[in-house]
Amino acid sequence: MTGDLRCDSCQGGIPPELWNQQQGALCPYCGKRSWTRVFPAIQHTVAGQSPEAIGSESESSCFFHPRSRAIVACDSCGRFICGLCDLDTGSTGGHICPTCFTSPKAPGSGTLLDKRRVLYDSILLGLNLGGFFFFFWPSLITAPLSIVLAIWYWRKPRSIVPRYTTFRFVLVIVLGLLQTAIWIALFWSVANSPGRGSRGPAL
Amino acid sequence: MRYTRLSRKKRSIFGSVQLWLGDDHLLVVRSMRFTEEYRRFHLRDIQAITATEQPQLIWMEVALFAISALAFLMMLEVEAIAARIFFGVVGAALASTAVYDLVRGQRCRCRLLTEVSSEVLDPITRVSDFDRLTTQLEPAIAAVQGVLTVDAASMPVFAQPAPGTPPLRQEDRVETPAGKYIPLLLYFAILANAIAYAAGLLGRFNEGFGAAASFWFTEVILCVLLAFQPRRFGLKGPMLGFFYVTAALIAIDGIVTIALIVDLMQRIAEAGRSGTKTPTIWNIEWMMTAGKIAIAGRSLLGVVGLLALWLGRDRVVPASEEVPPSQPQP
């Protein structure tokens, strides 16, 4: 694929003369304008590293390939790994072995390597507001439930990008308390209504 | 790790997609409301980012403008205040949506290429978004990879043309500025305004004035749009000068119309006080004269504008922008 830049419209090749033009360039085949920003990586062919064989008994071997020389220790589990097993994830997670890379709960593999996160704050906000606006009465259950769950999930892993997660959790708790207060006031007013207990005028 | 936002969210019914820049990678965050999925592209692996222009949704913009004009017309016609507010809000919302869509500029599809993958970057839907993305991303990639010195001979493989696709001749290639139809809409609106005004003034058809006011609002919106970015909409040279004359005449027309309404209101109030017959626009000499001048001027302006646009409809790419056809490199 190296050097293979194609027009997204007609799949015709974009020649290097048209790369990195500030105003873009017209495709020589379909005439559509396209803008390309090309970087030095296009000139490199990245090949996977081959493992080196162990030279002597004193050398450390790869955990997964005992005949290959270890070059680095996994930053997550500490296993010695060879050039073939080393997955360099940069500053995201460092050098990781394939097992830790695929393990969802690898200790220290970095939550930064996560591929998926659950947004508990959004779920609880939906639960709270949904219960309140969907005929109101479900909030009798959803309001206290959302408070409990907000506290329960407070320390769970959150989105890895900046987001108003804390604000949403606080909002869920405040709304839950307000709704609970409304229900308490309703029960109290019903319990203390003037007509309660009187069964007609005493004779 | 700190992330910097690279794009706005592209929202859909089921979630959104957004781009973030980390210390050494680009992060694509795909949100499904209650979960998020992440894709990382290390800066050292990014080979290229491309954007290819996509067709503008002209039908959508025209429909939005037409419906908003209709809503403004309804606003002027109905009596109830609540209905006026409703139609006004709907008209303003639709018109502003159409204007926002036009101001965002040319649509495009953006693609990120690595050695082993080609990923469409969904949040980048406009060329302006692409420019903002590359402005932030290029320095970060340059810090990791350095700067590219293009040497075609050093390319291990060079792109081949799509099978059966002959290169275009120079005369076949034409510039198609985004929103080129906007000036066309302006001069059509001016002509329509002249017809509506004539129906009101000469045909004594009251609704004609309401329609004319609607068209005037449309003209103002289009003029503001064109005045901000005339080149984007294909206005240049003599056509740009003619547009400025048009805009000035539309502004003068607005001022005269306001003066006309104020004068008419004063006359009606005076008639109410003195108990004489309520005057109408058709009884006042100067208003009739001004109206006839406006109708004639608008007709002339509309026809000349449309004619000028038709004469300068397409521009062949100048020789300086000519590109050699792609040939496979050795």
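Author: Happy to! Please keep in mind that this is a predicted model. Strand 4 of chain B covers residues 25-31, and six of its seven residues are buried, so the strand is largely enclosed by the rest of the structure.

Let's take its two partners in turn. On one side there is strand 3 of chain B, residues 15-21, which pairs with strand 4 in the antiparallel sense through six bridges. Within this pairing, Gln18(B) has Val29(B) of strand 4 as its bridge partner. The link between strand 3 and strand 4 is a hairpin of three residues.

The other partner is strand 5 of chain B, residues 35-42, also antiparallel to strand 4 and joined to it by seven bridges. Here Arg30(B) stands opposite Glu37(B) of strand 5. A hairpin with three residues between the strands makes this connection too, and in its turn Arg33(B) has a positive phi of about 70°.

For the surface, turn to helix 6 of chain B, residues 238-274, which gives four residues, the largest share, to a nonpolar patch. The patch spans about 410 Å² and is made by Val245(B), Leu249(B), Ile252(B), Val256(B) and Trp286(B). Of these, Ile252(B) lies in helix 6, and with a relative accessible area of 48% Ile252(B) counts as partly exposed.

Methods:
Residues are numbered from 1 along each chain as its sequence is written. Chains are lettered from A and ligands numbered from 1 in the order in which they are written. This is a predicted model: local features need pLDDT of at least 70, side-chain atom pairs count only at pLDDT 80 or more; totals for chains, interfaces and linings use all residues. Side-chain values use heavy atoms; hydrogens and water are left out. Patches are made of residues with over 30% relative accessible area and no salt bridge: like charges are joined within 9 Å, nonpolar side chains (Val, Leu, Ile, Met, Phe, Trp, Tyr) within 5 Å. Accessible areas come from the Shrake-Rupley method with a 1.4 Å probe; for residues, only the protein chains shown count as cover. A salt bridge is a side-chain nitrogen of Lys or Arg within 4 Å of a carboxyl oxygen of Asp or Glu. Helices (H or I, at least four residues) and strands (E, at least two) are DSSP runs, numbered from the N terminus. Buried means under 20% relative accessible area, exposed over 50%, partly exposed in between (1.4 Å probe, protein chains only). Two strands pair if DSSP finds at least two bridges between them.
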